[in-house]
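Thanks for coming. I will go through one model today, chain by chain, and then turn to where the chains meet.

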Amino acid sequence: MLAEKADRKNSNMQALTNRSKAVSRKPLSFWESLYLPAILKGMLITFRHIFTKNPTIRYPEQQRPFSPVFRGLHVLNRDEQGRERCTACGLCAVACPAEAITMEAAERLPGEENQYREEKYAAKYEINMLRCIFCGLCEEACPKDAIYLSETFAPANFTRKGFIYGKEDLLIPNPLTEPEAFAKAKGAKTTV
Amino acid sequence: MSLLQLDVLLLIEKLVLIVIIVLASLGIALYTTFAERKVAAILQDRPGPERAGPLGLLQPFADGLKLIMKEEIIPSHSNKGLFILGPALAMIAALMTCAVIPWSSSLELFGRKIDLQIADINIGILYVFGVVSLGVYGIMIGGWASNNKFSLMAALRGASQAISYELAMGLSLIAVLMLGGSLSLKTLVEQQMAPGSLWNIAYQPLGFLIFFVCALAECNRTPFDLPEAESELNFGYHQEYSSMKLGFYLFSEYVNMIMSSAVMACLFFGGYDIPFLDETTLSPNLAAVLGVLCLLTKIVIFLFVFMWIRWTIPRFRYDQLMNLGWKKMIPLALFNMLLTGVLILMKQEGTWQTILHLFKK
């Protein structure tokens, strides 16, 4: 009687998806109620997994490469002579939808020409990584190619303060003095 | 008077043996926890614990240290004495079983013949059963003393399950004892070792199957781990326990597994008998050492099967568990007993005589 009721219900109601399957409520046959054949079958399946290769990537030692379009941690760029490109124009801060970027401008003094590319530079440049949504609009807004998103992400930290990245965290290593570190930080990005 | 004289050397010998065996079983249990995690990982295509020490071999010590360092909480409404007694009893009962297991034949050291068995008592297997049923008290007392509904329910489940399956276990055992004619584990092993005789598994495949399933239930292992069903009873009877008291409960489960593996190896797989080899051709000391290794290998194989089953099969529903125990296992064990009896009679008196016997009365 119950089954009949359920059938009527099914025929009246339209199924929401085509993935629903009727559940069999048949009592177990004698062979099934022995449990053993099914158990042996299951155990064979798990036994086979002893010989399968496991897909684990042992993280700190092994790392998966990011895709070249990955938008990760920001990098403040330098030019070929190792001078900072940023002129503290503030376009990135304006473009930022999360308001994660603040900066303070300063004027280049005589004798600092090998440090800063133009007469104005960012004395302070901070990105709050907890606010940042990694949209990449700062990269698009920058007229000087001074900021871009790299292929790493912000590592975990114990304090909120630790997520406010200053210039010393963001600036790419100098290509003249530390060419290897520069190449590593630059990553596979080609459009710099 | 000479009967009452204390043999000091024997006392020392037994004490040393007890210390070695208890420490060894604790050590093996320690690494069984590690093996459990590793086997689970391998069956699930993961690497498992591998960071603590080389290949993760220090993992059990790290786990133990973690348990010891944790805060020890005794719930304010619990019965303090019983709360402490519970895990202690579980651990003691688990370790006591190892007293009658014959680990190997005897060593000859310093001109003495040293039996590698703590006590060869003539009711060995009955002793094992008695001690194993004491282990249920560990669960009962722990669950009751916690003063917690879930713990109490888990304890009740554990007790009723253990009692139900002990019946079938005992009945399946009777068939083995009918073959051997002795309750001493050492005698049973020696009978299987004797040249020309097969292991008991050859005569009692059905008996072994029943015994194995019941051993799973006795150890509260999947698919019979209802007392510690995480999904239904939070954590089972040790829900209120913390620190090393919890550690004792978890640990006693592994010691129980080792001991039931050892008993199964002794009863059905020839104990310390090395297959396809006549031990009498070896020197007695070498045979004893190889025997220990052989028994340990058998235990390890059983432990692997225990784990393999745990990570394959889901838990039984409670009514299914009881149905299986009372309506399938016990009749099957009785049938096995009857069949064994008839076959023994046939061998002794011939087929016709047996049939006459059966119908005369």
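Of the 361 residues in chain B, 40% are buried, buried meaning that 20 or more other C-beta atoms, placed from the backbone, lie within 10 Å of the residue's own. This is a predicted model, where local features need pLDDT of at least 70, side-chain atom pairs count only at pLDDT 80 or more, and totals for chains, interfaces and linings use all residues. Residues are numbered from 1 along each chain as its sequence is written, while chains are lettered from A and ligands numbered from 1 in the order in which they are written.

Chain B has 13 helices and 2 strands; these are DSSP runs numbered from the N terminus, helices being H or I of at least four residues and strands E of at least two. Along the principal axes, the C-alpha trace of chain B spans about 65 × 55 × 55 Å.

Now chain A. An open sheet there has 3 strands in the order 2-3-5, with antiparallel pairing; strands pair if DSSP finds at least two bridges between them. Strand 2 (101-107) and strand 5 (164-165) of chain A each have a single partner strand, so one side of each has no neighbour in the sheet. Strand 3 of chain A, residues 120-128, pairs with strand 5 over 2 bridges, and Ile127(A) has Tyr165(A) as its bridge partner.

Finally, the contact between the chains. Chain B gives 10 residues and chain A gives 10, with contact meaning C-beta atoms, placed from the backbone, within 7 Å. Helix 1 (8-43) and helix 11 (284-310) of chain B each supply at least two residues of the side touching chain A.

Note on methods
A residue is buried if 20 or more other C-beta atoms lie within 10 Å of its own, exposed if 12 or fewer, and partly exposed in between; C-beta atoms are placed from the backbone. Two residues are in contact if their C-beta atoms, placed from the backbone, lie within 7 Å.
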